[in-house]
Amino acid sequence: MSNFVRGLKCRLCGKAYPKQPLNYCEDDFGPLEVDYDYAAIREAVNRGKIELRPFNMWRYRELLPIDGEPTVGQLVGGTPLVKAHRLAEAIGVKNLWIKNDAVNFPTLSFKDRVVSVALSKACEFGFTTVGCASTGNLANSVAANAAQAGLQTYIFVPHDLETAKIIGTTVYGAKLIAVKGTYDDVNRLCSQVADRYNWGLVNVNLRPFYAEGSKTFGYEIAEQLGWRTPQHVVSPMAGGSLIGKIHKAFHEMHKVGLLDREPKCKIYGAQATGCNPITAGLKAGSDSHRPVRKPNTIAKSLAIGDPADGYFAIKVMRETGGWGEDVNDKEIADAMLLLAQTEGIFAETAGGVTLAVTQKLLAQGRIPRDEEIVICITGNGLKTQDAIANIVEQPVIIRPNIDDFAAVLDGAREPVLV
Ligand SMILES: Cc1ncc(COP(=O)(O)O)c(C=O)c1O
Ligand SMILES: [Zn+2]
C-alpha cells in the first residue's frame, strides 16, 4: 500500500516534523497533527472502491496514518447509523439518526477506532509496551487490543472509576494503575512516564496518530447517509478531540472527492455541567476552555477538567455555526432511559449527556426541529449501570404460579411471601 503521509506538522505554527512518536512542537508546544498528501489521496480513492471493501473503519485506510496493513483492530468500526423514528417523535424533531458506537467491536466504545490506529502505529515504531491515560473507555480498548496484539500494557486511570471499566481493563491482563487524583493528574503523570520509559502511550507520544482514528466516525456517518453530511451533528466532548475529527472528516471527504458538496454541517458539543470546561469557555465568549479543577459528574468518561483540544473544539463549534451546552446528572440519567425506551439502545452516561444536550439545544431554538440531526452515541450503558440503577423500575417478584402473575396484570400486586 502506498503511503500518503508526509509527516507531522504543528497545529499552531505549521512547523514540519518527520513521522515519529512525538505530540508537541519544540518551538511553541503546539499539538502536532498528521500531514497528508491530499492530491495523491484524491487520485487513489473513490466511492466505488471504498464500497467494495469490508464495512469497518479501514475502508478509509488512505486517510489514516499507518504505513502498511493495519495490524491491530482490523475489525473495528462499521457501526450502525440508526434512523431513530420513535426518539424523533419523543423529542419533537423530523429527521434524527443515532450513530451507534455503543456496539463498536471489541470494547463497545468509539475508542476502539483511535486505539486501532495508535497500536498499529506503535507496532510500526517497534514499541513492545504500550499504555494510556484514561477516563475508562480508552483503558478498556487499549487493554483488549494490546492483548490481541501481544503487547505489554500499563494503563493509568483516576482511582474512582466505575467497576465495569476497571474489570473491563484488568480482565485482559493489563497492569492497571489507579491514581489518587483527577484525570488531569493522571495525564501529567503519563507525560512523565513517556519521558522516562520508551513506551508507546497512545494519547501522549502517539497522540497525533491516535486522534486520526476518530475521523472514521465522521466518514461512516457521511457514507451511511448516502455520501453527504447531515445539517447538524451533536458530539460529546471530554478532551475535545472527537468533535474536531468529525468536522475534519467531512471536509477531507470533500477535499478528496468523496463528497460532491462542501459540507455545511453545524457541529454541537455536549458536556456534563459537573465538568464543563469547554462549554463554559464557549458560553463565556472565550477563545479557550475554562479548566475545571474538581470534576463532579456521573459522566466519568467525559470528566476531563483541562482538555487538550478545548481550544480547537470551541473553534469548530463557532466556525460551523453550531453551539455547546451542558446538562446535570438528572438530565443525563433521564436521557439514558429515554434513548433505551424509545430506540432500544442502552448508552453510557456520555450518551445521556449527548441526548440531553440535544434536547436542551432544541428547546433553546439553537437546533431547528425540522432539519436533519445526527446524535453521536459513543459508549455502552452496560459499563455505567450505577448511573441509572436507582431510577429504573424494579422487577416484580412473584411465586411461580399463574394467579400471582394474573394479580400483577390486574394491578393488584400481592405482597410476596419469600
Ligand atoms: C464514551 C465517550 N464518549 C466521548 C468521549 C470524548 O472524546 P474526546 O476526548 O475525543 O473529546 C470519551 C472520551 O473518553 C468517551 O469515553
Ligand atoms: Zn509550533
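This is a predicted model: local features need pLDDT of at least 70, side-chain atom pairs count only at pLDDT 80 or more; totals for chains, interfaces and linings use all residues.
## Strand β7 and its neighbours

Strand β6, residues 129-133, runs parallel to β7, and five bridges join them. Between these two strands the chain passes through α5, and the β-α-β crossover formed in this way is right-handed.

Strand β7 also pairs with β8, residues 175-179; these strands are parallel too, and five bridges link them. One of the pairs here is Phe 156, whose bridge partner in β8 is Ile 177. Strand β7 covers residues 152-158, and five of its seven residues are buried, so the strand is largely enclosed by the rest of the structure.

## The shell around ligand 1

Ligand 1 is surrounded by 17 residues. The closest are Gly 239, Ser 241, Ser 301, Thr 378 and Gly 379. By type, the shell holds seven nonpolar residues, nine polar residues and one charged residue.

Two helices each give at least two residues to this shell: α5, residues 137-149, and α10, residues 241-255. Helix α5 is also the helix of the crossover from β6 to β7.

Most residues other than glycine have a negative phi, and most peptide bonds are trans. The places described next depart from that pattern.

The loop between β5 (95-100) and α4 (111-125) contains Pro 106. The peptide bond leading from Phe 105 to Pro 106 is cis, and its omega is near 5°. Leu 108 sits in the loop between β5 and α4 as well. Leu 108 is not a glycine, yet its phi is positive, near 65°. Is Leu 108 buried or exposed? Leu 108 is buried, because 23 other C-beta atoms lie within 10 Å.

Trp 227 also has a positive phi, near 60°. This residue belongs to the loop between α9 (215-224) and β10 (232-236). Trp 227 has 15 C-beta neighbours inside 10 Å, so it counts as partly exposed.

Gly 200 is part of strand β9, which spans residues 200-201. There are 28 other C-beta atoms within 10 Å of Gly 200, and therefore this residue is buried.

Which residues does Gly 200 touch, leaving out those up to four places away in sequence? They are Pro 21, Ala 122, Phe 125, Phe 127, Val 130, Asn 205 and Leu 206. In sequence, Gly 200 and Lys 19 are 181 residues apart, while in space their C-alpha atoms are 14 Å apart.

## The chain as a whole

The chain contains 16 helices and 13 strands. Of its 418 residues, 52% count as buried. Among contacts with a separation of 6 or more, 68% come from residues 24 or more positions apart.

The C-alpha trace spans about 75 × 45 × 45 Å along its principal axes. For 418 residues, a compact globule would have a radius of gyration near 22 Å; the chain has 22 Å, so the value agrees with that expectation.

Terms used:
Residues are numbered from 1 along each chain as its sequence is written. Chains are lettered from A and ligands numbered from 1 in the order in which they are written. A residue is near a molecule or strand if its C-beta atom, placed from the backbone, lies within 6 Å of it. Helices (H or I, at least four residues) and strands (E, at least two) are DSSP runs, numbered from the N terminus. Ala, Val, Leu, Ile, Met, Phe, Trp, Tyr, Cys and Pro count as nonpolar, Asp, Glu, Lys and Arg as charged, and the others, Gly among them, as polar. A residue is buried if 20 or more other C-beta atoms lie within 10 Å of its own, exposed if 12 or fewer, and partly exposed in between; C-beta atoms are placed from the backbone. Two residues are in contact if their C-beta atoms, placed from the backbone, lie within 7 Å. Two strands pair if DSSP finds at least two bridges between them. A crossover is right-handed if, with the strands pointing away from the viewer, the path from the first strand over the helix to the second runs clockwise. The radius of gyration is taken over C-alpha atoms; the globule rule is 2.2 Å times the number of residues to the power 0.38.
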